[in-house]
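Open the structure in your viewer and keep the selection tool at hand. We will go from stop to stop.

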Amino acid sequence: MANKPNSNSRNTGSTRNFNTDTTQAHTSAGTGKSRVHATAAEHETAVMVSVPPRRQTEAQTTEYMDELAFLIETAGATATQRFVQRLEKPDIRSYVGEGKLAEIKAYVKHNSTSMVVFDDDLSPSQLRNLEAELKVKIVDRSLLILDIFALRAKSATARTQVELAQYQYLLPRLTGLWTHLDKQRGGVGMKGPGETEIETDRRIVRDRIAFLKEKLETLDKQATTRRKDRQGLIRVSLVGYTNVGKSTLMNALGKAEVFAENKLFATVDATTRKVVLNQTPFLLSDTVGFIRKLPTKLIESFKSTLDEIREADLLLHVVDISHPNFEEQIQVVNDTLLEIGAADKPILLVFNKIDQYRPDEILADDFAAEAAEAERETAARPPLAQLQATYMAKLHDPVVFVSAQTKENLDELRQLLGQRVAALHQQRYPHLAAGEYGEYEAE
Ligand SMILES: Nc1nc2c(ncn2[C@@H]2O[C@H](COP(=O)(O)OP(=O)(O)OP(=O)(O)O)[C@@H](O)[C@H]2O)c(=O)[nH]1
Ligand SMILES: [Mg+2]
């Protein structure tokens, strides 16, 4: 790939603008534009840095770095190099140790890299130190995810939610950057005005946060009223890790045309459609995907989108079975559901992308049949039938294996979902006969 001439100063400048100059911050956060993307006038390159915890395996580290590279790509840049350092814990000052930092610095300089992306959140002081040392844009995991959300958010609610999260991210980072600039300016005589500026900035950002919270409350009230109008219908929400195929499944099940693509966080806005299965109409909602280390501030500001999940009668937990880390992804989703207060919902587990699943090849001949059987049981990627049996035994519930793309087994899913919905409907609305279902217009 073609590396552009070093534009470090410009990039550093734009980072400072975002973090320190509130006018710029307003336009950057306020318009819901992606910062990585917005500054990517020329194609941007990124190096990735990770300090994995001790218990993390090599394979996991590679997997997480692949995911980070995918996030960077989704934000509009290209990941060119990976730096991994095994430490007891990340360095409090600069996240990585001195030696590694020098290595990164040399690489960034020689390869005209536009930014350094960290697979963790950085403290305001780490951010400041790294920026001073590496002299390129420093992006941490929260900022990267916020950027992607900003690119994707379409509805007024989603845009307001992202903007709120962006300002909440910005607020604690104002001080550090100003202090850093003060030092650069020489300090003497600058301290007073510097501090006043920080205070002014803080006040502007706090005011903006308060305004956005109020705006969200109003939007929230309108959404609650809209949801009340849907009474009389069972509500089903698609949940799952990002990029597992929720939107594709929504399109396949309903008649909806929902934006789906092979990028992370294709969906940031919640969409609801009316679907009829087993002669029972119900509401099916597509929602934002989850990811490991999802920034807490983002979860908080996405309250109204997540209400869709919290208020659902049934969750369709979609899993990408072709992903090497699908089991961990299931865990991340379950943990996130717990965090948002939706862990007690009935769940139907749907394994998607079976067209892409390749079980480990275990050849059995007559003599080794037993050994082959044993090996199959411990295989990382066992045959689908065995996976299904394992999960059904574990959950005491049916699980479905489908391909939303090739439509394989979708009828089985329709049948199972139809039964669950009809049963839930009976339970919730025993007196509501057919024809009396609440009318609901798709949003
Ligand atoms: N091979 C295969 N690809 C699929 C299947 N279902 C979805 N995909 C692809 O997977 C990618 C992600 O699909 P989406 O439907 O956007 O996934 P999502 O879960 O809505 O993703 P986010 O909105 O980003 O959280 C797209 O490129 C789809 O075409 C499937 O059954 N098989
Ligand atoms: Mg989607």
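How many residues surround ligand 1, and which are the closest? Select ligand 1 and look around: 23 residues surround it. The closest are Gly245, Ala260, Asn262, Thr267 and Gly289. Keep in mind that this model is predicted.

Now colour that shell by class. Next, select helix 11, residues 246-253. Helix 11 gives the shell its largest share, 3 residues.

Take them one by one. Ser247 lies in helix 11. Is Ser247 buried or exposed? Ser247 is buried, because 24 other C-beta atoms lie within 10 Å, and 20 or more is the cut-off for buried. Thr267 sits in the loop between helix 11 and strand 6 (271-277). Thr267 is buried too, with 24 other C-beta atoms within 10 Å.

Zoom out for the last stop. Colour domain 1 (8-154) and domain 2 (231-428) separately. Their contact takes 13 residues from domain 1 and 10 residues from domain 2. On the domain 1 side, select helix 4 (58-74) and helix 7 (141-152), the elements that each give two or more residues. Helix 7 provides the largest share of that side, 7 residues. By class, the domain 1 side has 7 nonpolar, 2 polar and 4 charged residues.

Notes. Residues are numbered from 1 along each chain as its sequence is written. Chains are lettered from A and ligands numbered from 1 in the order in which they are written. This is a predicted model: local features need pLDDT of at least 70, side-chain atom pairs count only at pLDDT 80 or more; totals for chains, interfaces and linings use all residues. Domain bounds come from an automatic or database domain assignment. Two residues are in contact if their C-beta atoms, placed from the backbone, lie within 7 Å. Helices (H or I, at least four residues) and strands (E, at least two) are DSSP runs, numbered from the N terminus. Ala, Val, Leu, Ile, Met, Phe, Trp, Tyr, Cys and Pro count as nonpolar, Asp, Glu, Lys and Arg as charged, and the others, Gly among them, as polar. A residue is near a molecule or strand if its C-beta atom, placed from the backbone, lies within 6 Å of it. A residue is buried if 20 or more other C-beta atoms lie within 10 Å of its own, exposed if 12 or fewer, and partly exposed in between; C-beta atoms are placed from the backbone.
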